[in-house]
Every structure is written in C-alpha cells, then in structure tokens.
Amino acid sequence: QVQLVESGGGLVLSGGSLRLACATSERTFSSYTMAWFRQAPGKEREFVAAISQGGASTKVGDSVKGRFTISRDNTKNTGYLQMNSLKPGDTAVYYCALTPRFIGHEDTYTARAYNYWGQGTQVTVSS
C-alpha cells in the first residue's frame, strides 16, 4: 500500500504564501500522476492541480490558476504545491493523491480517479 504524508499547512494572512509537500516512501513514485485536492467544510472535494509522472505536463484548476504551482522531485519521492496570493476562499484541508492514470485523461480532474491519498493538511487564510 502506498502511503503519503502532507506537510506545510498552517495559518497565513490574505495575500501570503505557503508551500505544501507530499512525501512518500514508495519507490515507484515516478510511475504515478500526482494531484492536489482540497475540501472545505460543507463543500465537495475540489481539484487543485495535477502533474504528470515525469513532471513535464501540469494542469491547474480555474480557481487557483496563476496563483498556485505544482511540482515534483522524483529523486526525493516528493511533490509540492506552491501557493501564492492566498485568499480566504482557499481555506480548506489539502490532500495529496496518486493515480496510475495518465494526466491527459479527463477524469484526472476528479477525485474518483485517484487510488492513494494522504491524511490532509489544514490551510487557513485570514482576511
């Protein structure tokens, strides 16, 4: 079973920045598309960003486009989400997820496509 651990969440003022990390001991990390999702109380889980196995291709959700950047370092078995210009609406629990499905498939925007999930890390943005 693949295990993922998110870190880097916390409290930040509106307009600030945070960098989340997703670490795994899985030796075949580079075989998976990686994504970030978020979920706020009372809302559905929302797609944030995804990155292809080798990192050459990315996609970002409309609500964070231009502000968030996804990346990965396969030599460290770690993925990242750089979040800039944070808004109160970004407040949520952020989850890292992996799927063997290639990033080009449309369902990689949806949580149901992902096989493995971390425990989540809380991000709170105050105005």
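Which residue's side chain meets that of Arg 67 in a salt bridge? It is Asp 90, with 2.8 Å between N and O. The model is a predicted one, so local features were kept at pLDDT of at least 70 and side-chain atom pairs at pLDDT 80 or more, while totals for chains, interfaces and linings use all residues. Residues are numbered from 1 along each chain as its sequence is written, and side-chain values use heavy atoms, with hydrogens and water left out.

Back to that first pair. Arg 67 sits in the loop between strand E6 (58-60) and strand E7 (68-73), and Asp 90 in the loop between strand E8 (78-83) and E9, so the contact ties together parts 23 residues apart in sequence. Strands here are DSSP runs of at least two residues (E), numbered from the N terminus. Both Arg 67 and Asp 90 are buried, where buried means under 20% relative accessible area, exposed over 50% and partly exposed in between (1.4 Å probe, protein chains only). Arg 38 is buried, at 6% relative accessible area, whereas Glu 46 is partly exposed at 27%. Arg 38, Glu 46, Arg 67 and Asp 90 are linked in a network of salt bridges. Another salt bridge puts Arg 101 and Asp 107 together, their closest N and O atoms being 3.2 Å apart; Arg 101 is partly exposed (36%), and Asp 107 is buried (16%).

Now for the strands. Strand E4 (residues 33-39) is mostly covered, with six of its seven residues buried. Strands count as paired if DSSP finds at least two bridges between them. E4 runs antiparallel to strand E9 (residues 92-99), with seven bridges joining the two, and Ala 35 stands opposite Ala 97 in E9. E4 also pairs with strand E5 (residues 46-51), again antiparallel, over five bridges; here Met 34 has Ile 51 as its bridge partner. The E4 and E5 hairpin has six residues between its strands, and Gly 42 takes a positive phi near 80 degrees in that hairpin.

Aromatic rings came next. Rings of Phe, Tyr and Trp (its six-membered ring) pair if their centres lie within 6.5 Å, with planes under 30 degrees apart called stacked, over 60 edge-to-face and the rest tilted. Seven aromatic pairs turn up by this rule. Phe 47 is buried, at 10% relative accessibility, while Tyr 109 is partly exposed at 34%. Tyr 114 and Trp 117 form an edge-to-face pair too, at 6.2 Å centre to centre and 70 degrees between the planes. Phe 37, Phe 47, Tyr 95, Tyr 109, Tyr 114 and Trp 117 form one aromatic cluster.

Technical notes: Helices (H or I, at least four residues) and strands (E, at least two) are DSSP runs, numbered from the N terminus. A salt bridge is a side-chain nitrogen of Lys or Arg within 4 Å of a carboxyl oxygen of Asp or Glu.
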